[in-house]
Amino acid sequence: MRRGNITSGAIIVKVIKSKDDVKLFHNIADHTGNSSWVILSEGNEYEIDDAINKQISFDNDLWVVEVEEKDGRSLLDQDYLKRG
């Protein structure tokens with residue numbers, strides 16, 4: 001959906017199950033340095049697009065990836081996507 005800075009931009013992932021069931025994920029690190037994908041926001045597509053625009057307003061380098069998945073699976077909770 002949006003390209004950020006190629007070397008330093010954060011990434012958020014918009015997962016669309018339906019127009020009324022959308023989740024926005026971001027990657028966060030805990031106090032030990034381990035990172036995982038967590039839900040930043042959930043709602044309808046309009047609400048999520050508004051949340052994305054708010055994120056862009058204070059992070060102009062932001063990358064946004066959009067995934068349409070009728071079952072709502074994002075696979076972002078899989079162990080192989082966690083860094084530690």
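**From values to terms**

Visitor: Why is Val67 called partly exposed?

Guide: The model is a predicted one. In it, Val67 has a relative accessible area of 32%. Buried means under 20% and exposed means over 50%, with partly exposed in between; Val67 is therefore partly exposed.

Visitor: Where in the structure is Val67 placed, and which residues is Val67 in contact with, leaving aside its neighbours within four places in sequence?

Guide: Val67 belongs to strand β4. Apart from neighbours within four places in sequence, Val67 is in contact with Val13, Lys14, Val15 and Ile16. Val67 and Val15 are 52 residues apart along the chain, yet 4.8 Å separates their C-alpha atoms.

Visitor: How do you know that β1 and β4 pair?

Guide: Two strands pair if there are at least two bridges between them. Six bridges join β1, residues 11-18, to β4, and the two strands run parallel. Lys14 stands opposite Glu66 in β4.

Visitor: What makes β3 and β4 edge strands?

Guide: The open sheet has four strands in the order β3-β2-β1-β4, and its pairing is mixed. Both β3 (35-43) and β4 (63-68) pair on one side only, and they are the edge strands. On average, neighbouring strands of this sheet are turned by 25 degrees against each other, direction ignored.

Visitor: Where does helix α1 lie?

Guide: Helix α1, residues 45-58, lies across β1, β2 (21-29), β3 and β4, and runs at about 125 degrees to β3. Its 14 residues reach 21 Å from the first C-alpha to the last, close to the 20 Å expected at 1.5 Å a residue.

Visitor: Which residues of α1 are buried, and why are they said to be on the same side?

Guide: Glu45, Ile48, Ala51, Ile52 and Ile56 are the buried residues of α1. They cover an arc of only 140 degrees around the axis, which puts them on the same side of α1. As a general rule, an α-helix has 3.6 residues a turn, so residues three or four places apart point the same way. The buried residues of α1 pack against β1, β2, β3 and β4, while Tyr46, Lys54, Ser57 and Phe58 on the other side are exposed.

Visitor: What makes Asn44 a cap of α1?

Guide: At the N-terminal end of α1, a side-chain oxygen of Asn44 lies 3.0 Å from the backbone nitrogen of Tyr46.

Conventions
Residues are numbered from 1 along each chain as its sequence is written. This is a predicted model: local features need pLDDT of at least 70, side-chain atom pairs count only at pLDDT 80 or more; totals for chains, interfaces and linings use all residues. Side-chain values use heavy atoms; hydrogens and water are left out. Axes are lines fitted to C-alpha atoms, for helices over the stretch in contact, and angles run from 0 to 180 degrees between N-to-C directions. Contact means heavy atoms within 4.5 Å. The expected span of a helix is 1.5 Å times one less than its number of residues. Buried means under 20% relative accessible area, exposed over 50%, partly exposed in between (1.4 Å probe, protein chains only). The arc is that of the directions from the helix axis to the C-beta atoms. A polar contact is a pair of N or O atoms within 3.5 Å; within protein, one must be able to donate a hydrogen and the other to accept it, and residues adjacent in sequence count only if both atoms are side-chain atoms.
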